Structure formats: structure tokens, C-alpha cells
Amino acid sequence: MRTLASPDDRPIPSIGDSTPWRLAILGAFLLFAMLVSMGTGPAQLTSTSLIEALTGGGDAATRAIVLELRLPRTLLAALVGGGLAVSGAAFQALLRNPLAEPYVLGVSGGAAVGAVLAIVSGVAATATWGLPFAAFGGAILAIAVVFWIAIRVGRGFDTRVLLLAGVVLGAFFNALILLLLTYSDLESFRSAMFWMMGSLTTSSWPTVALEAAYILPMVAAMITLGRAFNLLALGDDTAVYLGVRVDRVKIAAYVIASFIVAASVAACGVIGFVGLIVPHALRLLWGGDHRFLLPGSFLAGGAFLLFADTAARTFAAPAELPVGVITALVGVPLFVVILTRSMR
Amino acid sequence: MNSARPAGPVFTTEGVEFAYRGSPRLVVHGANFSVDRGAVYAVIGPNGSGKSTLLKLLLGILKPASGSIQYEDRDIGSWSRRDLAKRIGVVGQTEEHTFPISVREMVAMGRYPHLGPWRRSTQSDELAVETAMERCAVSELSSRPVDQLSGGERQRARIARALAQEPATLVLDEPTVQLDIAHEMAIFDLLADLCRRDGTTVVLVTHNLNLAARYSTAMLLLNRGGTVAEGSPADVLTREVIEHVYGWPVRVVPHPGPGPDEGAPQIVPLASSRPPGDGRTAG
């Protein structure tokens with residue numbers, strides 16, 4: 001039997017033993033990103049004063065800054081970044097398309113229509129929760145329409161149908177947004193644009209609590225599907241022959257991923273590239289086993305968004321850049337470096 | 001390992017008919033056959049004769065419009081996919097490799113139906129994976145990425161994954177297409193060995209009539225969705241039947257040997273006496 005390895009064959013290390021270590025490394029990385037994020041701002045904090053404030057010591061002003069402003073923002077970034085990366089990894093596996101990202105099924109478009117409607121109509125200015133709930137409603141509407149189309153077509157959730165439905169629905173929503181913006185004043189136009197580029201300025205303890213209660217169980221549920229995702233990557237028929245209940249796994253994963261995205265979009269607007277770049281970077285570095293990739297994406301996605309948000313708050317201080325711009329500006333070159341290194 | 005099982009057929013079909021949605025054409029019609037336990041059962045026929053569709057019906061992926069398909073005396077539709085995956089290993093025609101995985105990881109996927117939802121793989125899972133890789137001679141490739149294997153190696157790795165399921169029945173759809181003769185023979189030898197040593201029932205679709213004639217214990221010849229002949233290779237592979245079904249002149253000669261399969265019928269397609277472009281051509 002021919003077993004000669006050609007020089008460019010790089011063995012893929014077995015996953016089992018190294019997974020806990022890799023997750024521990026990513027967990028430490030996330031913790032580091034959280035500390036950097038909390039220490040950075042108009043009032044620059046040393047690590048000792050930061051730790052003091054977190055443990056309830058230090059002076060009252062520092063404690064207020066850390067506990068009331070920075071900690072909720074840090075936690076929100078970790079949750080949303082992690083959630084987006086997990087749903088990106090899930091969509092890439094389910095659609096068997098490396099270009100898939102969390103917004104591929106039109107969820108962001110639906111959320112944006114809801115948000116822009118809330119801004120233009122003035123609801124967002126009068127009711128605190130008006131905008132996030134309008135965005136969430138729009139996202140759920142988009143999910144429902146895509147699924148309705150998929151069910152109408154039949155064929156047991158054909159991924160091509162979902163993809164096409166999502167893309168055309170996204171285009172339709174874009175047209176709606178432009179139509180709404182045509183009738184908006186300059187102020188609404190500006191805040192709508194900022195919302196669509198993504199921002200973590202909405203962070204508050206109630207937001208964090210709501211997002212955590214929502215995103216964490218969804219992510220945990222998604223992680224239990226990891227082994228089935230590995231088999232789905234070989235094709236639907238092969239997965240069925242290996243005992244996977246393909247339709248059930250697919251519907252569960254689509255619904256979970258869509259709801260994570262809906263929740264994060266409602267809180268933070270459309271933050272791009274996290275869901276595309278983070279799972280790919282992990283895959284290129286440490287292989288595509290979803291039992292590692294899903295929890296790993298949660299940790300790395302959180303860390304990535306934290307660094308991007310820290311940068312967005314620092315570069316043009318005291319002004320704040322849209323975090324979605326930073327994720328793209330920093331994420332794309334970083335991704336190219338990983339891509340060229342791992343493919344060489 | 002099958003010695004304790006009752007004798008009798010593994011698969012039984014009765015009057016199976018099937019058409020794809022929105023098409024009036026019956027892709028499979030009047031399929032009545034049974035696959036005996038421990039058989040190497042070859043399904044043959046021209047392109048588009050419904051072989052792969054028939055396999056998908058047998059495996060419960062497609063539902064027949066009428067008729068019945070039984071596996072181990074139970075309607076195929078009444079089996080859970082998990083229970084079927086513990087009994088039937090499948091090597092399909094195509095497979096996607098969207099993300100890189102190693103040979104070992106791929107073979108280990110065969111253990112999926114044996115794992116509980118929360119359970120990690122146990123020692124018996126590891127053992128089944130090692131045994132399957134050894135059996136298919138891919139142990140040395142275990143850490144190699146699947147997408148960098150040669151065609152023969154990849155096919156052996158896929159068979160190893162099916163064996164890791166520890167199946168009583170193995171179903172393969174054109175397992176040796178695009179392989180050179182050494183790799184093709186190695187796979188047919190492996191299938192014969194599985195049948196002989198483990199009592200595994202093998203069902204395979206193939207275009208290689210001559211190897212099917214040498215290795216199978218029974219054959220089913222399909223044409224345009226219908227059964228033309230069923231029985232031993234000597235019964236099915238006659239000059240009249242093959243010329244009629246494939247529309248090409250042939251001679252049937254005995255395998256000259258040496259080997260255990262000496263004398264098996266071998267099909268030799270003749271050069272066309274007609275000028276090119278006249279009448280039907282092979283394809």
C-alpha cells in the first residue's frame with residue numbers, strides 16, 4: 001500500500017487530548033482581553049486598582065467607573081462577540097459554505113429594518129427599549145420568512161434554498177431601509193447609520209443580564225450539537241447513514257444560531273466580520289472539529305470583539321469609532337496573515 | 001459474529017415503485033428481490049438504470065411510492081436512523097470535505113451511532129476504530145488529512161469508517177470507480193474477506209461486470225428501473241441478456257484462472273463493426 005507522505009503533507013494533530021488545553025488558552029486570552037478592556041478608557045486604570053475595584057475595594061469613583069460602566073460593557077462585548085462567532089461557525093457547517101456568516105440568512109436585514117423604523121418614527125428616542133425590541137422583532141420576522149420559504153419549497157431544509165431565501169430577503173430589506181432613510185431627517189439618518197455599523201454603547205446591567213440569560217443557554221445548546229456538525233460536513237446522506245437525525249439537527253441549529261444573532265443585533269447593531277473571521281482563524285490554526293470549534297469560537301469571538309471595542313474607544317478618543325469598522329479594519333489583515341501562513 | 005443470527009434474507013423487497021417528485025417516469029418499478037445473509041450481492045445495469053436510486057430506497061433515504069422494503073424482517077421506515085447505523089455501514093458515491101479532518105477523525109465518526117448524547121468515546125470505541133483502520137490498511141495514514149489522500153487511500157478510509165460502525169451489512173455505491181487495478185482488486189478482496197471471515201452481508205452497485213462476476217454470490221441486473229435478471233453470475237451474465245441491456249455486442253468467456261474464481265463468466269465487449277456515428281454508441 002502506498003503510504004509515502006509527500007513533503008507538503010502536514011499531519012493534522014489528533015483533537016481529543018489537546019482540546020482542554022486549547023480551550024484553557026483561549027479562556028485565558030478572553031480573561032486578558034476583558035482586563036485590558038476594563039483598564040482602558042478616559043481614566044486609565046492600573047491592574048491593581050482595577051482588581052481592587054472589581055473585588056469591592058479601592059476608591060468609590062474608580063469602583064463606580066469599573067462596576068457601572070466598564071464591566072457591563074466588557075461582559076456585553078464578550079457575550080455578543082462569542083455568540084456571533086458561534087453562530088458563524090454553525091452557519092458555515094450547516095450551509096457547507098466557508099463564506100457563510102451570522103447575517104447570511106437575512107437576520108441582520110430584518111433587524112435593521114426594525115431598528116431604522118424605530119429611529120425614523122421617533123420610538124427609539126422616546127422609549128428606552130424601543131430600538132432593541134424593534135430590531136429583535138425585525139430579526140425574528142426575517143427568520144420566520146426564510147423558514148416559511150424553506151418549508152414551502154419542501155425538500156427537508158435544503159441548504160441552497162435557505163441560502164437563496166436569505167440572500168434575496170436581505171436585498172429586499174436593504175431596499176426597505178433605503179426607502180425609510182429617504183424619508184428621514186439628518187439626525188435619524190446619522191443614528192441609523194451608526195446603529196447599522198454596530199456599537200456597544202448601549203451596554204448597561206439590564207442589557208447584559210437579558211443578553212446573558214438568552215445567549216448563554218443558546219450557545220450551550222449549540223455546543224452539544226458539535227459531534228453531529230462534524231458528520232454533517234460530509235454531506236447530508238453520509239450523516240444520515242452514520243445515524244444523525246439530519247433534519248432535526250439542522251432545524252435546531254438554524255433556530256439557535258438565528259436567535260443568538262437576533263439577540264446580539266438587537267443589543268449592539270450589525271457587527272460584521274466576527275462571525276466570519278474567528279471560526280476560520282481557529283479552523284486554520286487548530287483544525288475543524290466542531291467539538292472544539294464551537295466552544296473555542298465563543299471564547300475567541302468574545303476576546304476579538306473586546307480588543308476591537310477597546311481600539312474603537314481609544315483610537316479617536318474622546319470620540320468613539322463604530323466597532324464594526326474596527327472589526328473589519330483589524331480583522332481582515334489579521335485573517336490574511338493567518339490564511340497565508342497556514343496555507344503556505 | 002453472525003453465526004447466532006437466524007438464517008433468511010437481510011433485505012426483502014416486494015413490488016417497489018418509485019418516481020422522483022414532479023416526474024411521471026418510474027425510476028424503479030417492480031423490484032422484487034431478497035438479499036441473503038452473508039451474500040455479496042451486486043447490483044448492475046447501464047447508466048441511469050436506477051441502481052443508486054434502488055440503494056437509497058433500500059437504505060430508507062427515499063420512500064417508495066408503493067411496495068414494501070424490509071430490513072431484518074422490519075419495514076425499513078420503522079427503523080430509527082441510529083439503530084440502522086449500528087447495523088448497516090454505507091460507503092456512498094460522493095462525499096464532501098468542506099473542512100480538513102484526519103483519517104483517524106473520519107474513521108472515528110463511524111462510532112457516532114454507538115455513543116450516547118453526552119458520552120465520550122470509550123475504550124471499545126477506540127478499539128473498533130483501530131481494528132477498522134488495520135483491516136483497511138490505513139493505520140499508517142491515521143494522522144494524514146483526508147483531502148490529501150490518493151483515490152485508493154481515501155476509499156479505504158471511507159470503508160474503514162463504515163467498518164467502525166461494526167455493521168452486519170455493508171452497502172457500497174460504486175466503491176472502485178476511478179481506482180487503478182491494484183487498488184480496485186484490494187477493495188474487492190477486502191469485501192470478500194469481510195463476507196467470509198465476519199459473515200458481513202455486502203450489497204454493492206458497480207459498473208465492473210467482470211469483478212462483480214468473480215466476487216458476488218448473487219446479482220441483480222437492472223434496466224430502465226426494472227429487473228431484467230436476478231441470480232448467480234452465471235445465470236445473469238449471458239450474451240443475449242447483456243447485449244440486449246447494454247446495446248453492445250459482447251462475448252462471454254470463462255475466467256482463465258488461476259484463482260479461486262477460475263471459470264467465472266467474463267464479459268468481453270467487441271469492437272463495433274459499424275462505422276462510427278452509426279446507431280448507438282457506448283456512453
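Good morning. I begin with helix 7 of chain A, whose buried residues are covered by elements that include helix 4 (107–121) and helix 6 (130–153) of chain A. The model is predicted, so local features need pLDDT of at least 70 and side-chain atom pairs count only at pLDDT 80 or more, while totals for chains, interfaces and linings use all residues. Residues are numbered from 1 along each chain as its sequence is written, and chains are lettered from A and ligands numbered from 1 in the order in which they are written.

Helices (H or I, at least four residues) and strands (E, at least two) are DSSP runs, numbered from the N terminus. Helix 7 spans residues 159–182, and its 24 residues reach 35 Å from first C-alpha to last. That is close to the 34 Å expected at 1.5 Å a residue, the expected span being 1.5 Å times one less than the number of residues. Which residues of helix 7 of chain A are buried? They are Leu162(A), Leu163(A), Ala165(A), Gly166(A), Leu169(A), Gly170(A) and Phe173(A). A residue is buried if 20 or more other C-beta atoms lie within 10 Å of its own, exposed if 12 or fewer, and partly exposed in between, with C-beta atoms placed from the backbone.

I turn to helix 6 of chain A. Helix 6 packs with helix 12 (residues 246–268) of chain A at an angle of about 155°, with the axes 8 Å apart. Axes are lines fitted to C-alpha atoms, for helices over the stretch in contact, and angles run from 0 to 180 degrees between N-to-C directions. The pair is therefore roughly antiparallel, a term for angles over 145 degrees. On the side of helix 6 of chain A, residues making the contact include Phe136(A), Ala139(A), Ile140(A) and Ile143(A); on helix 12 of chain A, Ala262(A) is one of them. Contact requires C-beta atoms, placed from the backbone, within 7 Å.

Leaving aside neighbours within four places in sequence, Ala262(A) is also in contact with Val107(A) and Ala111(A).

Next comes the contact between the chains. Chain A gives 28 residues and chain B gives 29. On the side of chain A, helix 10 (226–232) and helix 11 (236–241) each give two or more residues, and helix 11 has the largest share, 4 residues.

Finally, His255(B) lies in the loop between strand 11 (250–254) and strand 12 (265–269) of chain B. Is His255(B) buried or partly exposed? His255(B) is partly exposed, because 15 other C-beta atoms lie within 10 Å. Its C-alpha atom is separated by 8.4 Å from that of Arg214(B), 41 residues apart along the chain.

How values were computed:
Contact = placed C-beta atoms within 7 Å. Parallel < 35°, antiparallel > 145°, perpendicular 65-115°, else oblique.
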